[in-house]
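Work through the exercises below with the model open beside you. Try each task before you read its solution.

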Amino acid sequence: MNPTKKEQIVWIDLLRIFACFLVVLAHACDPFVAKTDTNYTEFLSGAFIGTFVRASVPLFVMISGILLLPIKQDMLSFYKKRSKRIIIPFIFWAIMTPILYYLYFKTGVGTMNVNIAPDGYTEQALFIKLYTWIFNFNYDIIPLWYVYMLIGLYLFIPILSSWIQGATKKEIQVVLILWILSTCIPYLQLVAPFLGYMGNGDNMGILGVCDWNNFGTFYYFSGFAGYLVLAFYLIKYPLNWGWGKTISVAGVIFAIAYAITLGGFLFTQKYYPENFANLEIIWSFTNINVLAMTFSIFIVFQKLQFKASKRVRTISNLTYGIFLSHFFFVQVAYDFIYPRTVSTMPASLQIITIGVVSIIISGIIVWILSLNKCTKKFVM
């Protein structure tokens, strides 16, 4: 099944909306996860919910795999069409978000978010942010790291499409197995020093990685591209399980993967405090445990059957704009909600409330922008 632009596959739209909310909820967790030393209870709430939402970005990538593979046009036409829809909104929000942050803190508003220093939002800092996003994202546009990666995937999709159209089921399975092996490499790298591995000079990379080579053995089978292949495979060769088996298998896989991810995150934070690189290994979107969580959610949504819904399609079409714009509104929601509820509301409920408020506000703004022909190009 390769859905066309005109037909609506409702479960895909619902999955996109769900993934979008998980992304917003993930960023609502950030100020709480940062309180490892100041408020461990709030840290735990952020860790518990933050672990649950790790499948957010992989689900977005899998949706791209469903909708784009195999492509039905030549490479240049594909690039031209996708670039208009991805790059214009990306540029707009890469510039607009730092401006919004600057204006917000220029009013003198304070924040209890330990990740941010309002006095750093000067005219000079803003000016630098307005052009250095070309090189990489800054704090104000952290969620846009995804777009840099997405552009890379889109550049590769026509090449992947040419192979996948002629590949047999077994050939795709081989590629998926190699990709799954690559999702275990970060853990192998963590374990290697305890087995006597001394690294290559100061570089602790494995499987050929060193100062003059960043590309290890499984490099070309690793990363987010595997999610594109997995999505294509599950659509072309669906599991065809009943609801009972699907829920049972998905539930067990998710529970085990969640426990490993959360336990690993808490363990790493305890024994390697302030080592954010190690923390990100446990929460990485491309490791084996997050892959398992993503797979379990995907196969459940894949079984959903609903009639076409114009409202669901409308909300689904807003998700890219919400993704690009929500981070600023998460900050505003946190500053408004947290100080007023810190003594009356559990941290977990605060996080959910911040997430809900943020996605509603950003959704309304993106919807308003989508109504005008001139501003619509900035959000979808």
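**Exercise 1. In which helix does G65 lie, and is G65 buried or exposed?**

Solution. This is a predicted model.
Step 1: find the element. G65 sits in helix α3.
Step 2: check the accessibility. The cut-off for buried is under 20% relative accessible area. G65 has a value of 0%, so G65 is buried.
Step 3: look for partners. With neighbours within four places in sequence left aside, G65 touches L228 and A231.
Step 4: compare sequence with space. From G65 to V366 there are 301 residues in sequence, and the C-alpha to C-alpha distance is 25 Å.

**Exercise 2. Describe how α1 and α3 pack.**

Solution. Two packed helices are described by the angle between their axes and the distance between the axes.
Step 1: take the ranges. Helix α1 covers residues 10–33, and helix α3 covers residues 56–68.
Step 2: read the geometry. The angle is about 155°, and the axes are 8 Å apart.
Step 3: classify the angle. Angles over 145 degrees count as roughly antiparallel. Therefore α1 and α3 are roughly antiparallel to each other.
Step 4: The crossing of α1 and α3 is left-handed.
Step 5: list the contact. From α1, the residues include W11, L15, F18 and L22. On the α3 side they meet residues including L59, F60, I63 and L67.
Step 6: sort by class. The contact of α1 with α3 has 13 nonpolar residues, one polar and one charged.

**Exercise 3. Which residues touch the most other members of the largest nonpolar core?**

Solution. Step 1: note the count. This core holds 98 residues.
Step 1: name the residues. W11, V61, Y146 and F298 touch the most other members.
Step 2: find the main contributor. Helix α1 gives the largest share, 14 residues.
Step 3: look for a separate core. Another core, of eight residues, lies apart from the largest one. Among its members are Y101, Y104, F105 and I116.
Step 4: follow one residue. Leaving aside neighbours within four places in sequence, V61 is in contact with Y146, M149, L153, F224, Y227 and L228.

**Exercise 4. Where is T319, and which residues does T319 contact?**

Solution. Step 1: locate T319. It belongs to helix α14, residues 319–341.
Step 1: Buried means under 20%. The relative accessible area of T319 is 5%, so T319 is buried.
Step 2: list the partners. Beyond its neighbours within four places in sequence, T319 contacts R16, I17 and C20.

Technical notes:
Residues are numbered from 1 along each chain as its sequence is written. This is a predicted model: local features need pLDDT of at least 70, side-chain atom pairs count only at pLDDT 80 or more; totals for chains, interfaces and linings use all residues. Side-chain values use heavy atoms; hydrogens and water are left out. Helices (H or I, at least four residues) and strands (E, at least two) are DSSP runs, numbered from the N terminus. Buried means under 20% relative accessible area, exposed over 50%, partly exposed in between (1.4 Å probe, protein chains only). Contact means heavy atoms within 4.5 Å. Axes are lines fitted to C-alpha atoms, for helices over the stretch in contact, and angles run from 0 to 180 degrees between N-to-C directions. Angles under 35 degrees count as roughly parallel, over 145 as roughly antiparallel, 65 to 115 as roughly perpendicular and the rest as oblique. A crossing is left-handed if the near helix is turned anticlockwise from the far one by less than a right angle, and right-handed if clockwise. Ala, Val, Leu, Ile, Met, Phe, Trp, Tyr, Cys and Pro count as nonpolar, Asp, Glu, Lys and Arg as charged, and the others, Gly among them, as polar. A nonpolar core is a set of buried Ala, Val, Leu, Ile, Met, Phe, Trp, Tyr and Cys residues joined through side-chain atoms within 4.5 Å.
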